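Reader: I would like to go through this entry element by element. Please define each term where it comes up.

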Amino acid sequence: MTKSLRFYELVSQKSKSALLIASVGVLIGGSAFAVSPNVNANNPSKVFNQADEDVVGTVKDDKGDVLPGVSVVLKGATKGAVTDAKGQYKISVPSQGAVLVFSFVGYLKQEVSVGAQRTLDIMMAQDVQSLQEVVVSVGSRNSKRTMTDTPLPIDIITAKDLLNTGQLTFDKALQYRVPSFNTVNTPVNDATSLLDPYEIRNMGPSRTLILINGKRKNTSALMYIQTSPGRGESGADISAIPQQAIKRVEILRDGASAQYGSDAIAGVMNIILKDKYDYGSATLTSGITHKGDGQHVGFAVNNGANFGKGYINYTIDLSRTALANRPGKVSAEAEADGNLGFGAPLADVKRFLALKPDAGNINGQPETTAAKFLVNGGMPISDNAEFYYNAAYVYKKVNSFANYRTPYWRTTDNGLLTPAGQPYIGYVPNFEGDLNDYNGTIGIRNETNGWKTDLSFTVGGNKQIYTVSNSRNRSLGKNSPTYFKPGGYEFMHRVGNIDISKQLTEKLSLGVGSEFRMEQFTIFAGDTASYVGSGADSFPGFTPNNAGSNTRFNFGGYVDLGYDISDDFLINGTFRAERYSDFGNASVFKLSSRYKFNDDKVTLRASFSTGFRAPLLHQIYQQLAQASFVPGQGIQTKGVVNNVSPQAFALGVPRLTPEKSTNFTVGVGLNPTKNLSITLDYYNIQVKDRIILGSEITGTEGGKTPLDNILQTNGIVAVSFFSNALNTTTSGLDFVIAQRNIKFGPGTLGINLAGNYTFVNKYTAINNPKLISDAGKSVFDPIQNALLFSSRPKYKTILGFDFVTKKVIINLNNTLFGPTRFHQNGLDDVTDTEFVPAVVTDLSVSIPVSPKVMLTLNASNILNVMPKWDFVDLKTGARTRYDANNNVPSAKYFDQYNLITFNGRYSNVTYDGSQFSQLGSIFNASLNFKF
């Protein structure tokens, strides 16, 4: 008989999928060996000869209550069991030398030698300090430290924390767990619907670095162009990461350019994937909004295998979310008005709105289908070296709609979109986005004589291709197609890392390393019909002149030193230098310190650093015609010229250079008891030469300036461009208060209060090109000011209660969203809009149906709180809540209301969005099966 692999029970039952994955994992290692129930715990290659014997027992907690669902695994083998509803287990083990490993979420893992015992009862203690003692991977490039030792503010978010939010995607779960993290669905659902903008500390999406297992994740190909928070920026697509694959999330709330390079001005998010296999699980999820739309169904599997000291863990996540629509009631008078609407006869408008009171508008949550695949693994290649790998692939398809073209807006479709014999009532262009996102890392970790080395290579990319259907190119008349491929974007990178560290002495630690990175940004041209003439109605295609690929390279290195002056007093310093192929050199540093006293119950920490952010390739080379809503003009096509174009040169726009920052953080951590922790952290971030996508530049009224001559010569009516336009300052306070293990009635209660308050978020200088400033124009206006600095909550606080009784887990979270302020296009100089503070309440209840089945019911925004906004008079401070349904609406704000909501289409959140979702209450249920 030839060599074969023998795999026995995997967590109490045979699993064909686990067998396949485990087989692949072993073959990757380049060798094969038998894995059986009788593998020696210390030497997997040695097989016991003695027969197996059954061991039985009961597992209880430290209060004497039984614990169902505890994983019981024979150390060194894949054999295991799970405790039943009575906390009882049964497992076959070798008659000698067997060690059982007991593990359960929230409890300390135990390894127990069986010996001659055949009845083995276990008491498991709650892991009250588990998060504080997690060895964090972010914050230092030398020896890793626990939460209690790090000199920097770091949040640890567990997989359980994420799942208890009831949110369907990773980014939305963070919104309700991390006060300084903000994201929201944008009301305009075209390409932006593929990735909602997010940010930490109100610093924009591109100033937070995303890592997967400590390695840089690729940026999205999408650049936000619409007037929404995040305009002119991009970030990694974190919504693509399946939550079931996540072990924990580490969020460093401090500048970290010296450690990690570009993009880490606001902080770093390190997503740690599940690794060693404990048990498999399958989760079925279904949900719906309170209006009966937005139906969701999803199925996810997390599984894996251990082989010797190696492991493989994989996740498959399939889901579909239906359209949820929240349009407003459209004003007939505004639609008929020549300045506010289309100048159509009022009778014609009323006739159509009687048929479609919302003018056929669709906005809210688009239809989304997603398939996510992720694998994480590792295996020893010698006694002191490990080969590791992870890879992920995500396919996402989004189906959304442009604004409905009413029959008085587009008076004909040339018979292309209306079936013969039916009256023409307009049409709604359909927008489809196909997204492919991937990332993968392979590496080798080694430790020799105390020197730890980590060599890795990472690839990643994001590609988006767009389709417009049920539309037409008006310039082509009856010859227009109704289906267009307007093109798309792609971003990819290749990253090589070498990291070396050593504890040189008992007090001194050293870390050195280097990184090479190649980046490429591509714009794909659309088909000819999508861009010729007026282009496809709703989303004109990219012309061949605007398409193309651009690449750059950078190489950098760092030195990191940590010195423990005493057990309580630590200082740390890092220096980094980089060379970019397009703009040259950058060098930054960081100093941090931590001091503990009073038996480690009080920790003082502080850091000061300089940082940089390289211009995104998107910001340098993006050039397009964009269809956008312009108050009083409907949908208009305007241009964005890239930073290296002849037009930008003619306008005197300098080449983009890196943003430069200084970060200062000081904080205190208090642990009065083992169950109570308090942290307060003040931060101040100064950014010089901040890159923005500027306001539209048009000619002057007189038309006689050099600016007018250049615009006319180049055939430009209105143009935007990227520039290093601003110096900014942001400061605020983060706080976390956690009280655990409060005896409350028949169970245990935990209370967590966390918040972020922004003291200052403003610009301190505007850097206009001379030609533009001489003409009395500016790249920065009140619209931009609001989008950058006040469109995210001034404060956000999360008060959470976790109650456990008889294995039923109840989570109640109350999230206070502070005010956000906008100055939408269409408002006069003395008026803003402000979304008022609101509390969103979420409830989650998890009920064990059996030892292996858990039912979880979630109600997000259970009180159905909706965003509410007021007009604010900047002279008097007076606030006015406009009621479009009132028979006598406010004449003062009639025009402005209709200008910023497209005559009521976007009445809930206006065209620019709000501080939380407009969908209202969402209910979902999930059924989790362990196997």
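Reader: In which strand does Phe597 lie?
Author: This is a predicted model, in which local features need pLDDT of at least 70, side-chain atom pairs count only at pLDDT 80 or more, and totals for chains, interfaces and linings use all residues. Residues are numbered from 1 along each chain as its sequence is written, and side-chain values use heavy atoms, with hydrogens and water left out. Strands (E, at least two residues) and helices (H or I, at least four) are DSSP runs, numbered from the N terminus. Phe597 falls within residues 584–597, which is strand β30.

Reader: Why does Phe597 count as partly exposed?
Author: Buried stands for under 20% relative accessible area and exposed for over 50%, with partly exposed in between (1.4 Å probe, protein chains only). Phe597 is therefore partly exposed, because its relative accessible area is 35%.

Reader: Which residues does Phe597 contact, leaving aside its neighbours within four places in sequence?
Author: A contact requires heavy atoms within 4.5 Å. The C-alpha atom of Asp567, 30 residues apart along the chain, is separated from that of Phe597 by 9.8 Å. Leaving aside the neighbours within four places, the contacts of Phe597 are Val602 and Leu604.

Reader: Is Ser239 buried or exposed?
Author: Ser239 belongs to the loop between β14 (215–216) and β15 (246–252). With neighbours within four places in sequence left aside, Ser239 contacts Thr169, Asp171, Leu195, Lys372 and Lys396. Its relative accessible area is 8%, so Ser239 is buried.

Reader: How long is the polar contact that joins the side chains of Ser239 and Lys396?
Author: A polar contact is a pair of N or O atoms within 3.5 Å; within protein, one must be able to donate a hydrogen and the other to accept it, and residues adjacent in sequence count only if both atoms are side-chain atoms. For the side chains of Ser239 and Lys396 the value is 3.1 Å.

Reader: Which residue in β6 is the bridge partner of Leu100?
Author: An open sheet of 4 strands has the order β3-β2-β5-β6, with antiparallel pairing. Its edge strands, β3 (80–82) and β6 (110–113), each pair on one side only. Strand β5 (residues 99–103) runs antiparallel to β6, joined by 4 bridges. The partner of Leu100 in β6 is Val112.

Reader: Against which strands do the buried residues of α13 pack?
Author: Helix α13 (residues 782–789) is mostly covered, with 6 of its 8 residues buried. Those are Ile783, Gln784, Ala786, Leu787, Leu788 and Phe789. At the start of α13, a side-chain oxygen of Asp781 comes within 3.1 Å of the backbone nitrogen of Ile783. The buried residues pack against β35 (676–693), β38 (722–744), β39 and β42 (820–822).

Reader: Over the face of which residue does Arg905 lie?
Author: A charge sits over a ring if NZ of Lys or CZ of Arg is within 6 Å of the ring centre and within 35 degrees of the ring normal. The charged end of Arg201 sits over the ring of Tyr683, 3.7 Å from its centre. Arg905 is at 4.0 Å from a ring centre, and that ring belongs to Phe902.

Reader: What share of the 931 residues in the protein is buried?
Author: The secondary structure comes to 14 helices and 48 strands. Among contacts with a separation of 6 or more, residues 24 or more positions apart account for 69%. Of the 931 residues, the buried share is 58%.

Key
Pairing = 2+ DSSP bridges.
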